[in-house]
Amino acid sequence: MSELEEKTKAGAEVRVLTAQEMALASNLRSITDSFRFQANRFCHKRYRDNLEHEQYRSLLMHLKEDESLVITRPDKGRGVVLMNKNEYLSKMYTIVNDSSKFKRLSTDPTVTREQNLIKLLNRLLKEKSITEQFFKMSCPKGSNPGRLYGLPKIHKDNIPLRPVLSAIGTFNYGLGKVLTNILSDIIEKESMVRDPFSFVEQLKTLPKSFSIYKMVSFDISSLYTNVPLDETIEIILKNLYETRATPPTIQRDDMKQLLIFATKNTHFLFDKNLYDQVDRVSMGSPLAPLLAEIFLQDFEKTHSSSFTSMDIVYWKRYVDDTFVLIDSTFSAKDICTKLSQFHKSIKFTCEEEAANTITLSFLNILIEKQPGIGFATKVHRKETFSGLITKWSSFVPKAYKYNAISTLVYRAIKLCSSYNSLHQEFRFIRKLGTKNGYPINFVNSIIRRQLDLLYNPPAHKPPTPNTDIVVVRVPYFGLSSHVYAKRITSAVSKQCPQKRIRVIYDVTNRIGTGFTNKDKIPTPIQSGVVYEAQCSKCSDSYIGNLSERFGAKWIFGGSTLGAGILTLLIPLAARTHAGLLIAVRILIGAFEAPALPSASALWGRWIPPFERSVVPPLASIG
């Protein structure tokens with residue numbers, strides 16, 4: 001009781017559940033236990049009865065075990081790509097061996113960089129330069145190196161690879177997300193295209209006289225891997241501390257240091273080797289799209305006067321793709337060459353309108369120029385389109401299948417500027433749905449519903465006051481998942497009318513989850529038990545180093561072994577001296593301290609999900 005009083009005085013939140021909340025918690029637990037049992041029975045029955053499914057599963061497992069193959073998805077579009085592993089590695093090594101962008105490391109800098117970032121964040125928090133929320137979101141704990149992999153560009157000659165960095169779990173991932181939120185208001189949207197739908201609306205507002213100009217599409221080659229980091233960081237700092245009337249509370253040098261932590265100090269694993277990215281932006285970093293956009297907007301501002309001299313009358317850009325209208329007497333290739341000369345880091349390529357059809361594809365839109373009238377648009381599909389969508393036979397909620405068709409219908413309605421093109425697109429959607437096993441009546445009902453929403457939009461419903469929406473992720477096991485969702489929704493609405501449950505069905509058993517070309521994190525650098533020891537002489541603390549280097553398994557074994565040996569020494573220590581006995585008992589406690597948290601980490605890895613609420617209590621009570 002005294003401990004509780006001390007915590008209350010220290011300001012810690014103490015939550016006491018009411019009788020109503022206790023009843024709801026008990027009811028939800030009972031419903032969840034019933035669902036867990038039904039889901040287990042469903043899984044066993046499904047795998048036992050569906051022999052064809054098991055045969056496919058066995059074939060996929062054999063394919064996965066073939067070490068001469070890399071099985072992945074294409075860079076654009078849907079599908080499956082099988083590559084020779086030696087060819088894949090050769091192309092990836094060509095990328096990582098570029099000494100101007102990458103450097104091979106002999107030691108893992110994760111722990112050192114994590115500690116340096118924590119020290120900087122602690123200092124900024126003490127100085128009140130950052131908020132508590134900023135600190136919590138950006139402070140790393142138990143970080144791992146990033147993992148680099150390549151996605152094949154099957155629509156290009158020789159099938160080059162696009163390097164992508166899986167940055168989730170890295171020491172600077174949280175910092176990158178926080179900085180993205182802070183820096184997003186730097187973006188100016190004047191020459192920026194938000195999405196294909198807004199671009200079509202912008203085309204409709206253009207004067208009819210613009211239809212006499214030549215349409216050209218400019219593309220920047222490998223934008224992310226060519227954005228100069230130092231220059232972009234200086235652009236950001238200039239905007240924050242020189243252009244703005246009110247600069248941020250973080251000092252300029254500290255902000256620069258945070259940006260360097262989030263961008264330049266990026267290391268990753270590839271083929272069991274560690275590399276450091278010394279320059280350019282990595283795809284997969286939370287800051288990558290923002291940095292690329294900031295750099296390109298500065299590029300456009302700097303050279304806007306040159307655009308006018310080249311008779312560029314209209315310029316709209318979506319990331320690295322730019323739609324441009326130029327004087328028909330000017331050469332698009334000459335303009336492309338001049339644009340590439342403006343900055344050494346970026347190179348432009350161009351595509352002109354087709355001379356016979358006066359059309360140009362931009363994003364997923366086919367734009368047709370109608371001189372004196374304007375621009376007509378319809379849906380365009382690239383060569384990478386495989387015709388694959390979620391199959392009707394897929395074991396997913398029906399809402400997934402509905403959305404697979406409704407998104408296509410919505411896009412057709414928004415992008416097609418004439419009834420004829422819309423009719424052709426609906427015919428294509430019907431054929432696509434039939435090809436993927438969808439009943440034609442199902443597809444037609446979605447088309448009718450979307451058209452009805454277009455011509456008879458529903459009245460806007462104002463949000464209900466004092467209603468708290470709670471999102472619940474439910475693993476999908478067919479009918480039992482739907483029954484479970486209805487039961488918890490009903491239970492919550494009865495006990496807490498102010499709460500509204502939104503259920504999201506999570507399909508965990510996907511084919512793609514079994515195939516990955518990312519490096520596995522080696523056990524010695526995986527995070528196991530994370531703990532903190534406070535220094536008695538200063539304010540510094542020691543956090544999680546040992547567990548990050550050795551993992552939960554070794555810590556649990558060492559903890560148990562050490563405590564056991566010391567226990568055997570108790571009789572000898574008691575006969576020798578009372579002080580020695582006290583010291584041995586203290587050491588036993590120190591060795592046993594990591595045992596329970598490391599055991600929890602092991603249970604999380606070894607015990608099946610549906611048994612995690614049963615096994616730990618049984619193990620704890622012996």
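Start with the cysteines: counting as a disulfide any pair of cysteine sulfur atoms within 2.5 Å, the total is zero disulfides. This is a predicted model, in which local features need pLDDT of at least 70 and side-chain atom pairs count only at pLDDT 80 or more, while totals for chains, interfaces and linings use all residues. Residues are numbered from 1 along each chain as its sequence is written, and side-chain values use heavy atoms, with hydrogens and water left out.

Select Cys 336 and Cys 350 next: the closest cysteine sulfur to that of Cys 336 belongs to Cys 350, and at 4.4 Å it is too far for a bond. Cys 336 has a relative accessible area of 8%, so it is buried, a word that here means under 20% relative accessible area with a 1.4 Å probe and protein chains only. Then select Cys 416, which also counts as buried because its relative accessibility is 11%.

Move on to helix α11, residues 288-302, where eleven of the 15 residues are buried, among them Leu 290, Ile 294 and Phe 299. The end C-alpha atoms of α11 are 21 Å apart, which agrees with the 21 Å that its 15 residues should span at 1.5 Å a residue, taking 1.5 Å times one less than the number of residues.

Finally, show helix α14 (residues 398-415) together with helix α15 (residues 419-435), whose axes come within 10 Å and cross at roughly 165°. That makes α14 roughly antiparallel to α15, the term for angles over 145 degrees.

Methods. Helices (H or I, at least four residues) and strands (E, at least two) are DSSP runs, numbered from the N terminus. Buried means under 20% relative accessible area, exposed over 50%, partly exposed in between (1.4 Å probe, protein chains only). Axes are lines fitted to C-alpha atoms, for helices over the stretch in contact, and angles run from 0 to 180 degrees between N-to-C directions. Angles under 35 degrees count as roughly parallel, over 145 as roughly antiparallel, 65 to 115 as roughly perpendicular and the rest as oblique.
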